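Please consult the sequence and the coordinates alongside the text.

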Amino acid sequence: MDSIVVTGNGPLTGQIAIAGAKNACLTLMPATLLTDEPLTLTNAPRLSDIRTMAELLQSLGAEVSMLQDGQVLALSSHEITNHTADYDIVRKMRASILVLGPMLAREGHAVVSLPGGCAIGARPVDLHLRALEALGAELDLRDGYVHARAPGGLKGGEVAFPVVSVGATENALMAATLAKGTTVIRNAAREPEIADLARSLRAMGARIEGEGTSEITIEGVERLGGATHRVVMDRIELGTYMLAPAVCGGEVAFPGARPELLQAFVDKLRETGVEVQDTGTGLTVRRGEARVRPVDVVTEPFPGFPTDLQAQMMALLCTADGVSVLEERIFENRFMHAPELARMGAQIDVQGGTATVTGVERLRGAPVMATDLRASVSLILAALAAEGETTVNRVYHLDRGYERVEEKLRGVGARIERVSQP
Ligand code: EPZ
């Protein structure tokens, strides 16, 4: 298993290129199952999760080619030859559940393993299943699999989510494009990745209105065609790297970045005293010598502060000049980075879904362990500004969501290297 070794090395300067969004790509790829024509995705990120989704789609009979070093994905499911998404692939990545809606909509039947939980929570899929039942699906849960059928095809209907769910909104949206009649999704997730999916589905011939708001209306069509779609920028990777100059000081530019992708995060970062400038062609983040100010953070569905940036923000607040309170409202167990940050000298008191961080002057390097994707990168951020050397172990978590993290950070002056363990 690889480790990453980081040595605190002062201010960062330069610019970082941000890749296409993992969480957009993971829902854009299964959309290929909705059509027998080719779907091409450009600006795709080079991540292990993308390769896992490709492997899953290929197991169903789709063709997936990774071109231009993985930045272009050519997908085509001319014929779905296998209608079962096996546990051994699904357990590696929860987003696998996103093949259920498209496969059911196109084929009238699908068998998908229940994903199981993960480090940050139980991660049930009940909202996905209720949404598909609202479109006429007959579901049977047995031996760890969802057996879904829609004899005569799905029918448009009302999908009212009791709580906002990104994945369930995506499954319902994709399924509804081929359902007979009109579907209205209420309390839909508003994440930019959903708007990106809707843009791609519309290019394929779907009739969708309201994406990005809480109410999405879909007029079902007979069939969808192919399309070429550019994956939207990854707002979580962007926010993560914006925190690098924030924790270390210096000035880093992010070409092409737009604040509206993560406005709540930008506002909160500015509240700490870090400068975020919208240059019109991107964002530039600057921070001087003074310690950052403490702030309180509450994670919410978009457009609120993203749960996927909570761990990274905590890394900054560990050295703020005062006490910050972070409330995690989306997942039940998303503070696993706290004890690892504490090994570096951070003072964090976790009580249920609330973490109280008392800022210290400076963290000290230490061996720490990555536990989940975003926790692992928060340890890297903390290490950039810490005194001495930090070794982050189990970085396979990192590679799921961040392409070439050590190259990107070395490019702005960080002392960071990957050590391959036998
Ligand atoms: C997506 O997960 C993202 N993953 C997550 O990013 C992200 O943290 C999350 O949305 C919230 O923004 C992908 O897009 C691949 P949810 P998803 O359904 O769709 C509960 C990362 O680090 N819930 O919006 O699984 C659920 O337990 C990952 O890139 C149900 O109760 O999240 C959670 O508490 C981590 N029943 C809340 O809703 C359901 O059927 C929000 O989950 C579904 C969800």
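This is a predicted model: local features need pLDDT of at least 70, side-chain atom pairs count only at pLDDT 80 or more; totals for chains, interfaces and linings use all residues.

The points below treat the pocket, a helix pair and a sheet in turn.

**Second largest pocket**
- The volume of the second largest pocket is about 420 Å³.
- Its lining comprises 20 residues, and V247, C248, R287, R362 and A385 lie nearest the centre.
- Helices α8 (235–248) and α12 (373–385) each contribute at least two lining residues.
- The most is given by α12, which supplies four residues.

**Helices α8 and α10**
- The axes of α8 and α10 (residues 310–317) come within 10 Å and cross at roughly 5°.
- Angles under 35 degrees count as roughly parallel, and α8 and α10 are therefore roughly parallel to each other.
- On the α8 side, the contact involves I236, T240, L243, A246 and V247, which meet Q312, M313, A315 and L316 of α10.
- Seven nonpolar and two polar residues make up this contact of α8 with α10, with no charged residue.
- V247 of α8 takes part in the contact with α10 and is also among the residues nearest the centre of the second largest pocket.

**Four-stranded sheet**
- Four strands form an open sheet of mixed pairing, in the order β2-β15-β17-β16.
- At the edges are β2 (12–15) and β16 (275–278), each pairing on one side only.
- From one strand to the next, the twist averages 15°.
- Strands β16 and β17 (residues 282–287) run antiparallel and are joined by four bridges.
- The bridge partner of D278 is L283 in β17.

Methods. Residues are numbered from 1 along each chain as its sequence is written. Side-chain values use heavy atoms; hydrogens and water are left out. On a 1 Å grid over the protein atoms alone, a cavity is a set of points where a 1.4 Å probe fits but cannot get out, and a pocket is an open set with protein on both sides within 12 Å along at least five of seven lines; lining residues have an atom within 4 Å of a point. Grid points are joined across faces, edges and corners, and a volume is the space filled by probe spheres set on the points. Axes are lines fitted to C-alpha atoms, for helices over the stretch in contact, and angles run from 0 to 180 degrees between N-to-C directions. Angles under 35 degrees count as roughly parallel, over 145 as roughly antiparallel, 65 to 115 as roughly perpendicular and the rest as oblique. Contact means heavy atoms within 4.5 Å. Ala, Val, Leu, Ile, Met, Phe, Trp, Tyr, Cys and Pro count as nonpolar, Asp, Glu, Lys and Arg as charged, and the others, Gly among them, as polar. Two strands pair if DSSP finds at least two bridges between them.
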